[in-house]
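Here are my notes for a first look at this model. Please keep the structure open while you read.

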Amino acid sequence: MHGYKMVDDDLIVSGVQLEDKQCPNGCEDDDKLVLNAKDIICNLPGEFSVVSCQSCGLLRTNPRPTPETIGFYYPDDYGPYQGTKVSQKELAGLKRVSWLRKFIRKLFKFNTNCLPKVNPGRMLEIGCASGAFMHKMANEGWDVEGIEFSEAAAESARQLGYNVFAGAVECAPEPLVKYDLIVGWMVIEHLHDPIKALKKMRSWVKPGGQLVISVPNAGSIEFRVFKRNWYALQVPNHLYHFDTETLTEVLRKSGWRTQKIYHQRVLGNLVASLGYVCNEKFGESFFSNWLMRFPLASGRLVYLMYPLAFIMSLFGQTGRMTIWAVGADLDEK
Ligand SMILES: [Zn+2]
């Protein structure tokens with residue numbers, strides 16, 4: 001056994017099966033227990049351990065639900081699926097961007113979906129959900145395709161006219177034509193075999209092709225303060241909990257060279273984590289519920305929090321990061 005197996009009668013009832021996996025970097029079997037946590041997003045049964053590989057420092061959820069049974073933890077109302085649908089206004093091209101909005105976008109750089117300045121070409125989005133980001137990129141001249149684990153979300157994206165493979169990235173077929181850009185917003189931490197998936201994506205880009213991904217940052221102060229109540233921990237959906245170093249190493253192992261790391265200037269994780277702490281200490285209330293829903297319903301409040309987020313990002317301490325990587329030359333490996 002590599003981990004700290006949790007026996008839970010509810011898990012047996014729900015049909016979830018757990019598997020015990022070694023560090024994907026191929027390290028010696030030497031893990032340390034970091035914490036035990038529950039699914040605080042959907043309140044589904046089970047308690048899970050986050051362990052740290054003593055050799056490379058990578059944190060992972062172990063034991064974890066098998067690829068065949070993890071769907072139990074992605075119900076249709078799974079929060080992160082919400083808000084990725086393209087509105088009727090956007091579809092009809094009626095949503096104009098005012099000069100004020102353009103100015104505000106220039107002034108506030110949240111670093112959430114920041115992309116290198118390259119000419120439109122072929123783009124693949126992994127974890128494209130209902131296709132909102134693909135739709136935005138298609139409007140900017142990109143030829144887009146997607147991969148999405150949820151069949152229902154993939155179908156919504158297909159209805160917009162995009163080619164979407166429904167299933168795990170690890171199982172997706174080879175593309176007919178290679179890509180200039182692959183993006184994945186908050187996806188890699190959900191994958192059972194991120195190295196296999198990232199190697200596959202490496203083989204799918206043209207020479208000089210780029211990868212842009214975002215992940216939670218388990219090296220941030222947010223994780224150290226909130227621990228099991230950290231909103232971005234999200235066990236057992238998140239199977240890996242990267243920091244700048246462990247992510248750079250996983251990318252290097254998969255044939256990618258990290259170019260830039262942007263610490264996002266958003267504090268949604270932090271506010272929601274406060275909500276979970278309130279909930280635990282004082283019980284459920286309107287206030288704690290509002291805090292917990294903040295990442296999905298913050299609206300314009302993100303601007304109010306920008307100054308603090310900006311300062312924290314300077315020190316690499318916000319809970320999310322965006323990484324640019326390029327396919328490494330074979331002699332760099
Ligand atoms: Zn390791």
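1. Start with the metal site. The 4 donor atoms around the zinc ion subtend angles of 103 to 115°, so the arrangement is tetrahedral. The donors are Cys23 (SG), Cys27 (SG), Cys53 (SG) and Cys56 (SG), at 2.3 Å. Donors here are N, O and S atoms within 2.8 Å of the metal (3.2 Å for Na, K and Ca); water is not among the atoms, so sites may look incomplete.

2. Now the spacing. Along the chain, the zinc donors follow C-x3-C-x25-C-x2-C. Cys27 sits in the loop between β1 (18-19) and β2 (31-38), and Cys53 in strand β3 (residues 47-53), so this pair ties together parts that are 26 residues apart in sequence. Helices (H or I, at least four residues) and strands (E, at least two) are DSSP runs, numbered from the N terminus.

3. A word on the source. This is a predicted model: local features need pLDDT of at least 70, side-chain atom pairs count only at pLDDT 80 or more, and totals for chains, interfaces and linings use all residues. Residues are numbered from 1 along each chain as its sequence is written, and side-chain values use heavy atoms, with hydrogens and water left out.

4. Salt bridges come next. The whole structure holds 11 of them, each a side-chain nitrogen of Lys or Arg within 4 Å of a carboxyl oxygen of Asp or Glu. One joins Arg64 to Glu19, with the closest N and O atoms 2.8 Å apart. The pair links distant parts of the chain: Arg64 is in strand β5 (residues 64-65) and Glu19 in strand β1, 45 residues apart.

5. Check the backbone. Most residues other than glycine have a negative phi, and most peptide bonds are trans. Asn62 and Pro63 are joined by a cis peptide bond, with omega about -5°. Pro63 belongs to the loop between β4 (59-61) and β5. Pro236 is in the loop between α7 (221-226) and β11 (240-241). Asn43 is not a glycine, yet has a positive phi of about 60°. Its place is the loop between β2 and β3.

6. Finally, a nonpolar surface patch. Phe286, Phe287, Trp290, Leu301 and Leu304 form it, with about 610 Å² of accessible area together. Patch residues have over 30% relative accessible area and no salt bridge; like charges are joined within 9 Å, nonpolar side chains (Val, Leu, Ile, Met, Phe, Trp, Tyr) within 5 Å. Areas come from the Shrake-Rupley method with a 1.4 Å probe; for residues, only the protein chains shown count as cover. Helix α10 gives the most to this patch, with 3 residues.

How values were computed
Four donors count as tetrahedral if all angles lie between 85 and 135 degrees; four count as square planar and six as octahedral if opposite donors are over 155 degrees apart and all others between 65 and 115; anything else is irregular.
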